[in-house]
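These notes are for a colleague opening the model for the first time. Please keep the sequence and the 3D view side by side while going through the numbered points.

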Amino acid sequence: MRTVFDPSEMPPGGFYPLLTSSVVPRPIAWVSTLSADGVANLAPYSFFSVSSSNPPVVQFTSVGRKDSLRNIESTGEFVINLATEHLAEQVNASSAGYEHGISEWAELGIVGEPSDKVAPPRVAESPIAIEATLHRVVEVGNSFVVMGRVVALAVREEFIADDGLPSFEKIAPLSRLGRNEWGLPPQVRLIDRPGTPS
């Protein structure tokens, strides 16, 4: 037996909590941008993934037209800072509806550092920062899918494993679930990919 929810029969916004409680866990893109007049913005987005590996393109979705999107459209640049367990309170606090022109960095005391290839700063404490230039924005319903071409991926040295790749265990990535639930790093199971069936 299943309960079936038909989005066409629900009030506006009614399907959102069902969707976000079902598509779990979702990694968080903590997006830093600069406005055209140089005000630094920082906001988390839990609709976040990879669009392409060659060329490397990452994406996040803005539900509605927010400061991050407006800044990216104005300047063509942004940074995705990986949200981690020890940064959870700051990540959550940066989602508050600050007035346009107010910097979350200054309000919350978040320390930044210069990026290598783009103007928006990186979050100094984030283990991984993905610097990107705008590839395209795709409007989908009430949302905007922002795709960025990766121009640099900066990893703090202490988070790199012996094989030269970022260590999941050391990063301790944070994720969003449904309601007001946040996901902490899960257990990891190693399973090799199968070969080509003969």
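Where does Arg-179 lie? Arg-179 is in the loop between β11 and β12 (182-183); helices (H or I, at least four residues) and strands (E, at least two) are DSSP runs, numbered from the N terminus.

This is a predicted model, in which local features need pLDDT of at least 70 and side-chain atom pairs count only at pLDDT 80 or more, while totals for chains, interfaces and linings use all residues. Residues are numbered from 1 along each chain as its sequence is written, and side-chain values use heavy atoms, with hydrogens and water left out.

1. Arg-179 is not a glycine, yet has a positive phi of about 50°. Most residues other than glycine have a negative phi. Arg-179 is exposed because its relative accessible area is 62%; buried means under 20% relative accessible area, exposed over 50%, and partly exposed in between (1.4 Å probe, protein chains only). The side chain of Arg-179 meets that of Glu-181 in a salt bridge at 3.5 Å, N to O. A salt bridge here is a side-chain nitrogen of Lys or Arg within 4 Å of a carboxyl oxygen of Asp or Glu. Glu-181 has a relative accessible area of 32% and is therefore partly exposed.

2. Other salt bridges. The count by this rule is 7 salt bridges. One of them joins Asp-116 to Arg-122, with the closest N and O atoms 3.0 Å apart. Asp-116 has a relative accessible area of 60%, so this residue is exposed, whereas Arg-122, at 10%, is buried. Another pairs Arg-156 with Glu-158 at 2.4 Å, N to O. Arg-156 counts as partly exposed because its relative accessibility is 30%, and Glu-158 is partly exposed as well, with a value of 42%.

3. Glu-104 is in helix α4, which covers residues 104-108. Glu-104 is buried and has no salt bridge; the nearest side chain of opposite charge belongs to Arg-70, 9.5 Å away. For charge, Lys and Arg count as positive and Asp and Glu as negative, while His and the chain ends are not counted. What does the side chain of Glu-104 make a polar contact with? The partner is the side chain of Asn-41, at 3.1 Å. The Glu-104 side chain also reaches the backbone nitrogen of Leu-42 at 3.1 Å. A polar contact is a pair of N or O atoms within 3.5 Å; within protein, one must be able to donate a hydrogen and the other to accept it, and residues adjacent in sequence count only if both atoms are side-chain atoms. Leaving aside neighbours within four places in sequence, the residues in contact with Glu-104 (heavy atoms within 4.5 Å) include Ala-40, Ser-94, Tyr-98 and Ile-110.

4. Cis peptide bonds. Most peptide bonds are trans. The bond from Val-24 to Pro-25 is cis, with omega near -10°, and Pro-25 lies in the loop between α1 (16-22) and β1 (26-27). The bond from Asn-54 to Pro-55 is also cis, with omega near 0°. Asn-54 is in the loop between β4 (48-53) and β5 (56-63), and Pro-55 is found in the loop between β4 and β5. Asn-54 counts as exposed because its relative accessibility is 69%. The C-alpha atoms of Asn-54 and Arg-149 are separated by 9.7 Å, with the two residues 95 apart along the chain.

5. Positive phi at Ala-172. Ala-172 has phi near 55°, a positive value in a residue other than glycine. Ala-172 lies in the loop between α5 and β11 (175-176). Is Ala-172 buried or exposed? Ala-172 counts as buried, because its relative accessibility is 16%.

6. Nonpolar surface patch. Phe-168, Val-188 and Leu-190 form a nonpolar patch on the surface, with about 350 Å² of accessible area together. Patches are made of residues with over 30% relative accessible area and no salt bridge; like charges are joined within 9 Å, nonpolar side chains (Val, Leu, Ile, Met, Phe, Trp, Tyr) within 5 Å. Accessible areas come from the Shrake-Rupley method with a 1.4 Å probe, and for residues only the protein chains shown count as cover. Phe-168 is in helix α5, residues 168-171, and is partly exposed because its relative accessible area is 38%.
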